[in-house]
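Hello,

Here is the structure you asked for. My notes on what turned up follow below it.

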Amino acid sequence: MANSGRMFRYLIAGPCAAESEAQVYETALRLFALRDDFPCPLTFFRCGVWKPRSAADAFCGAGEEAFPWLRRVSESFGFQVCVEVATLQHVETCLRNGVTTIWVGARTAVNPFSVQAVADAVKGNGCTVLVKNPVIPDLKLWLGNLERFEKAGVEALFAVHRGFADKDERLYRNAPMWEVPVALRVARPDIPLLCDPSHIAGSRDLVRQVAQTAVDYGMDGLMVETHAAPANALSDAAQQLTPEALLEMLNVLVYKSQSQNPDDLLRRQRDLIRTIDGQIARLLAQRLSVVEEIANIKREHNIPLVQPAQWNTVVENYRRHALDDSRFMEFLEKYLELLHQYSLRMQQ
Ligand code: PEP
Ligand code: MN
């Protein structure tokens, strides 16, 4: 280990999907061979059996046939196997086959009926449950899903951040929107929070930088898609790492020191500010595009550019949401003046 400092408590690795007995076995064997070099024990071997795919004709997993392959992995290497479930039948099939660690995927996580059905199915079975964020950035929904499992008596509960669908995201497959997992951490510091950099990145070469940001935010672990021959994978081929590449990545990550010295505290605030500034920039761009629409309507209908009464309602709206602080109000007024001038220029 090249790095000192706070290492992960949890590491989950394994293929996106079970494709064949040989593929599952070889991936597990190579992870097993590297286990002593990982910065923390391999907590679970992940492996999708039923895959939720967008295209109707895409590979949707080997299904029930894969369970003997998974049993072989857990018997040969002592790995605790973890499978995605979306229905009562999925949970029953897992339990029948001795798999008691399950995760709820991002697509299922948007549907409270489905999540409740899974929660009801695991009740009283001593399952370990990982709950991915829903594909939409709805913190309440993610929290509510976790609570459904708490209410079902699940004690070993994890949250997994895998990013959010966002048509404006240019770099990654899914927008990380780090502010959402940060808010989850603030609301529920008691639930271990992992990051799935594979589904955020969407491509192998970006997995490491997402994982590093997850470390920087002090997340408790990673779930990384790992495949014996990623380029030949039947799903998510572009983002999976070989077991060896996973080890290499874990060894170059810079783990944070555990000490809470002022520098560390400052770094966290700066990270937060960067995230907030990103949000402000995106919101401003959104606002300006609405201003453009307004300009078009005004042009079409011959409406004058400036309508003071309307602008006053904008100012009043800001005041209502602002802090009750005179210096802040002074700043806000200057900012609004600039914003108004800029909007008018855009409309001309
Ligand atoms: C997966 O982990 O393979 C998966 C389908 O993930 P998500 O639900 O995050 O898209
Ligand atoms: Mn996948």
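Ligand 1 is surrounded by twelve residues of this predicted model: Cys-16, Arg-46, Lys-51, Glu-84, Trp-103, Gly-105, Ala-106, Arg-107, Lys-132, Arg-162, His-199 and Glu-225. A residue counts as near a molecule or strand if one of its heavy atoms lies within 4 Å of it. The shell around ligand 1 holds seven charged residues, three nonpolar and two polar.

A polar side-chain atom of Arg-162 comes to 2.6 Å from an oxygen of ligand 1. For Arg-46, an N or O atom of the side chain is 2.7 Å from a ligand oxygen. His-199 has a polar side-chain atom 3.3 Å from an oxygen of ligand 1. How much of ligand 1 does the protein bury? Taken alone, the ligand exposes 290 Å², and the protein buries 97% of that. Accessible areas come from the Shrake-Rupley method with a 1.4 Å probe; for residues, only the protein chains shown count as cover.

A few conventions. Residues are numbered from 1 along each chain as its sequence is written, and chains are lettered from A and ligands numbered from 1 in the order in which they are written. The model is predicted, so local features need pLDDT of at least 70 and side-chain atom pairs count only at pLDDT 80 or more, while totals for chains, interfaces and linings use all residues; side-chain values use heavy atoms, with hydrogens and water left out.

His-199 sits in helix α7 (residues 197-201) and Asp-236 in the loop between β8 and α9, so the pair ties together parts 37 residues apart in sequence. Both His-199 and Asp-236 are buried, meaning under 20% relative accessible area; exposed is over 50%, and partly exposed is in between (1.4 Å probe, protein chains only).

The relative accessible area of Asp-236 is 16%. Its phi is near 50 degrees, a positive value in a residue other than glycine. The side chain of Asp-236 also makes a polar contact with the side chain of Gln-239, at 3.1 Å. A polar contact is a pair of N or O atoms within 3.5 Å; within protein, one must be able to donate a hydrogen and the other to accept it, and residues adjacent in sequence count only if both atoms are side-chain atoms.

Now the loop between β6 (156-161) and α6 (179-187), where Met-177 lies. Met-177 is not a glycine, yet has a positive phi of about 40 degrees. Met-177 is buried, at 14% relative accessibility. Asp-166 is found in the loop between β6 and α6 too. Asp-166 is buried at 18%. Its C-alpha is 9.0 Å from that of Val-135, 31 residues away along the chain. Leu-171 has its place in the β6 to α6 loop as well. Leu-171 is partly exposed, at 48%. Leu-171 and Ile-200 are 29 residues apart in sequence and 9.7 Å apart, C-alpha to C-alpha.

For Cys-94, the nearest cysteine sulfur is that of Cys-127, 8.2 Å away. That is too far for a bond. Cys-94 is buried, with a relative accessible area of 1%. Cys-127 is buried, at 5%.

Last, the overall picture. The chain has twelve helices and eight strands. These are DSSP runs (helices H or I, at least four residues; strands E, at least two), numbered from the N terminus. The C-alpha trace spans about 75 × 50 × 40 Å along its principal axes. Of the 348 residues in the chain, 47% are buried.

Best wishes

How values were computed:
Nonpolar A, V, L, I, M, F, W, Y, C, P; charged D, E, K, R; others polar. Disulfide = S-S within 2.5 Å.
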